[in-house]
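Here is a walk through one protein chain, from its overall layout down to individual side chains. Please keep the sequence and the 3D view open while reading.

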Amino acid sequence: MTHNTLCIFLFLLFLISCHSTTLAQGSQASSRQVLQLSGQVVSNDSLLGLEGVAVYVSGTTRGTHTRKSGYFSLPVVAGDTVVFAALGHETIYHSVPASTTKSSITLYVKLKEKSSTLPTVDVMPWATEHDLKQAVLRTKLPKDTQDLLAPIPPPVVYKSVTDMPAMDADANFKHGLQQQKQSRDARIRVPDIIKIFSIPIKYY
């Protein structure tokens, strides 16, 4: 047997062993029982239903999301690992028993909130700290710092009513007559605009 024939024989033997392993795994997976996994996902502190929580089987494309009340339903296979993940909450893993004989499983999952802190970010107007130091050193300050101060406005003096000169008898009499004339004219004055059926009509 030549060297090439031996290589071909070993390669064919490797393919047959891989195919038999795949068939064995497929038969083992098909023999596992399919059951319906359903339940509710709630918050750990308020026990309110969480909407939009991802419920999926790890390593597969099978999954769903919780509804508004937190309920979900998903077909799984015995032995699967179900993941419950949501933004801002800790991830929970639930393993379905491989030797179960039930056709359905109901879960009540409590997700705990996860607090995450962001790192501190220093924002500078220059690219590096060295450039910032050089810019500060090159800054020229004026010799007289009084020029930089804003001018102080003069104080506001409010004039008191009691400081005004009092009216004499003649001015007081004229002011009273003017007030009486304005009151009398207001009683007999006709408006310039009359509304008829809510339509303004102006006359002269």
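The protein chain contains three helices and nine strands. Followed along the sequence, these elements come in the order α-β-β-β-β-β-β-β-α-α-β-β. The coordinates belong to a predicted model.

Some totals for the chain come next. Of its 204 residues, 15% count as buried. The protein chain exposes about 17,300 Å², and carbon and sulfur atoms supply 61% of that area. Among contacts with a separation of 6 or more, 48% are between residues 24 or more positions apart.

Which residues have the most contacts inside the largest nonpolar core? They are Leu37, Val41, Val76, Val82, Phe84 and Leu111, in a core of 18 residues. Two or more core residues come from each of strand E1 (34-43), strand E2 (54-57), strand E4 (71-77), strand E5 (81-85) and strand E7 (104-111). E7 provides the largest share, with four residues.

With its neighbours within four places in sequence left aside, Val41 is in contact with Leu48, Gly49, Leu50, Val53, Thr66, Gly70, Phe72, Phe84, Val109 and Leu111. Two residues of that list, Phe72 and Phe84, also pair with each other through their rings.

A pair of aromatic rings is described by the distance of the centres and the angle of the planes. The chain has one aromatic pair by the rule applied here. Phe72 and Phe84 form it, with 5.5 Å from centre to centre and 70 degrees between the planes. The arrangement counts as edge-to-face because the angle is over 60 degrees. The pair links distant parts of the chain, since Phe72 lies in strand E4 and Phe84 in strand E5, 12 residues apart.

Tyr108 and Val41 are 67 residues apart in sequence, yet their C-alpha atoms are 6.2 Å apart in space. Beyond its neighbours within four places in sequence, Tyr108 is in contact with Gln40, Val42 and Leu47.

Methods:
Residues numbered from 1 in each chain as written. Predicted model: local features only at pLDDT ≥ 70, side-chain atom pairs only at ≥ 80, totals over all residues. Heavy atoms only, no water. Core = buried A, V, L, I, M, F, W, Y, C linked by side-chain atoms within 4.5 Å. Buried < 20%, exposed > 50% of the residue type's maximum accessible area, 1.4 Å probe, protein only. Contact = heavy atoms within 4.5 Å. Phe/Tyr/Trp six-rings, centres within 6.5 Å; stacked < 30°, edge-to-face > 60°. Areas by Shrake-Rupley, 256 points an atom, 1.4 Å probe, with all protein chains shown as cover.
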